[in-house]
Amino acid sequence: MAARSETARTLSRDTLADHQRAMQDRHLRNLFADDPARAERMTAEAAGVFLDYSKNRIDDETLRLLVELAEQCGLRARIDAMFRGEKINVTEHRAVLHVALRAPRGASILVDGKNVVPEVHAVLDRMAEFAHRIRSGRWTGFTGKRIRSVVNIGIGGSDLGPVMAYEALKHYSDRAMTFRFVSNVDGTDFVEATRDLDPAETLFIISSKTFTTLETMTNAQSARAWTLRGLGGDAKAVASHFVAVSTSAEKVAEFGIDTANMFGFWDWVGGRYSMDSAIGLSTMLAVGPDHFRAMLEGFHTIDEHFRTAPFARNLPVLMGLLAVWYNDFFGAQTVAVLPYDQYLKRFPAYLQQLTMESNGKHVTLAGTPVDCQTGPIYWGEPGTNGQHSFYQLIHQGTRLIPCDFIAFGRPLNPLGRHHDILLANVIAQAEALAFGKTPEQVKAEGTPDWLVPHRVCEGNRPSNVILLERLTPSALGKLVALYEHSVFTQGTIWNIDSFDQWGVELGKVLAQRIIPELESKTEPKLGHDSSTNNLIRRCRKLKVAT
């Protein structure tokens, strides 16, 4: 059966490769001219998310073949397996159930025969109760002052999700409170985050599943020392100014945190999929439990759409298949994510971990080398800022860069003509990328012949436009879930494990070996390659010089 499935997958890819050769010279100008209904037909909508994918280098046959590829790769079965709680993270033998984090009360999702949804809501209820205490001022610090500043200390998924969500939902946050995020082990990150804070009014959230993550615990120890230094040195102060998101009660207690203020999560939640778990405690403190739950409901609506909608009308599936189309068959190496909302300024950075840590893999689920490119590079900046920097490369450069434009019909901060100008730019950029400007059009403007080539824009640059009504907590949940499931779709097509990250581990292990060599009071015996040895010696000399 597996051999037949692999044969069918190979045939589907071969057919798509032949089709791409027929499509590569077809221009979007002609595709639109030849198909008056294209703009209306090549859209999809679900849960208030509208996707216009008509400006892609595809026709109806492309879509049919891509959907056929998804079917041959067993996407439906793999979706069902994930929602059933099967251990589809094969290298770590774990279920993959971020969808359980936003399942409604009363739902049933089983892991090893146990319904995990009640546990999820028990943690959410504890988070909500704690958030009410902090936001109301009932929780006070060691000196009796109320908490006015919250500092989240984590790294990777324990930082990127919370900081992105805080920035995205800042409009809904309690402006009487200050929120900061520390992730980098560079001491500058901690110093700058805390330099204007009062230890008596500051709460630290330490987010580390094992409470051993090097960067997080180094920053946590600095936070502990900073707090005690500012509060007279009494170790009892730690319990009033620190809470933990962890599963290691022993290490949390050893640090000085009351384990009653420890919020847990599960090994079936990957870090980059954890912003709607207890890792999102800082988000709940900022926007309140009601808005946090609205975000979870937004996640869930897209989860259900992904689980049930036919592939040809399934937003995450369509986005994932289009990403595969350009990555595998056009040789595109990157995807630009361009949110036209300043609150989403950290969204591309968040997606970098979600997409590239998930699908940056070189072997299949069976451990054999992949036979195609995987894991395109995701990057981007908010519009309109990017238009005045890197859009030049997208419009007239030699590289094919598919784009996702994200926009909202209504602003959170109405100000004169601003939002109409913003939306006009979204629409115009997608139009310009698709249709460009021909030599004839440039000449008709009176451009001298010598200048014409420089002003021509070839067009035929693909893009999606994702449009929602407003950036609400629910809308943010929908957007994140949309990309989570697009990543899942891509990983399934490539037959890789999108839920492990062994490549992250190697450098961390080597760093643990190098740290004592840098810190040694005497000249260490070095056993690395010559370049690494030289760098260690040079850093030791610079350290002494300062």
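Guide: This is a predicted model. In soluble globular proteins, nonpolar side chains tend to be buried together. Here the largest nonpolar core has 128 residues, and Trp 268, Phe 347, Ile 466 and Leu 476 touch the most other members.

Visitor: Which residues is Phe 347 in contact with, leaving aside its neighbours within four places in sequence?

Guide: Phe 347 contacts Met 164, Val 337, Ile 406, Leu 479, Val 480 and Tyr 483. There is also a second, separate core of 24 residues, with Val 182, Ala 193, Leu 228 and Met 262 among them.

Visitor: What is the strand order in the open sheet of five strands?

Guide: Strands of a sheet pair through backbone hydrogen bonds, either parallel or antiparallel. In this case the order is β6-β5-β7-β8-β9, and the pairing is parallel. β6 (178–182) and β9 (262–263) each have a single partner strand, so one side of each edge strand lacks a neighbour in the sheet. Within the sheet, β7 (residues 202–207) and β8 (residues 242–245) run parallel and are joined by four bridges. Phe 204 lies opposite Phe 242 of β8.

Visitor: Which helix packs on the sheet?

Guide: Helix α7 (residues 157–168) does, touching β5 (149–153), β6 and β7. The direction of α7 makes about 150° with that of β6.

Visitor: Why are α5 and α13 described as oblique to each other?

Guide: The axes of α5 (residues 75–83) and α13 (residues 289–308) cross at roughly 140° and come within 9 Å. Angles over 145 degrees count as roughly antiparallel and 65 to 115 as roughly perpendicular, so this pair is oblique. Arg 76, Ile 79, Met 82 and Phe 83 of α5 meet Asp 303, Glu 304, Phe 306, Arg 307 and Thr 308 of α13. By class, that contact comprises four nonpolar, one polar and four charged residues.

Technical notes
Residues numbered from 1 in each chain as written. Predicted model: local features only at pLDDT ≥ 70, side-chain atom pairs only at ≥ 80, totals over all residues. Heavy atoms only, no water. Axes fitted to C-alpha atoms, helices over the stretch in contact; angles between N-to-C directions. Helix = DSSP H or I, 4+ residues; strand = E, 2+ residues; numbered from the N terminus. Parallel < 35°, antiparallel > 145°, perpendicular 65-115°, else oblique. Contact = heavy atoms within 4.5 Å. Nonpolar A, V, L, I, M, F, W, Y, C, P; charged D, E, K, R; others polar. Pairing = 2+ DSSP bridges. Core = buried A, V, L, I, M, F, W, Y, C linked by side-chain atoms within 4.5 Å. Buried < 20%, exposed > 50% of the residue type's maximum accessible area, 1.4 Å probe, protein only.
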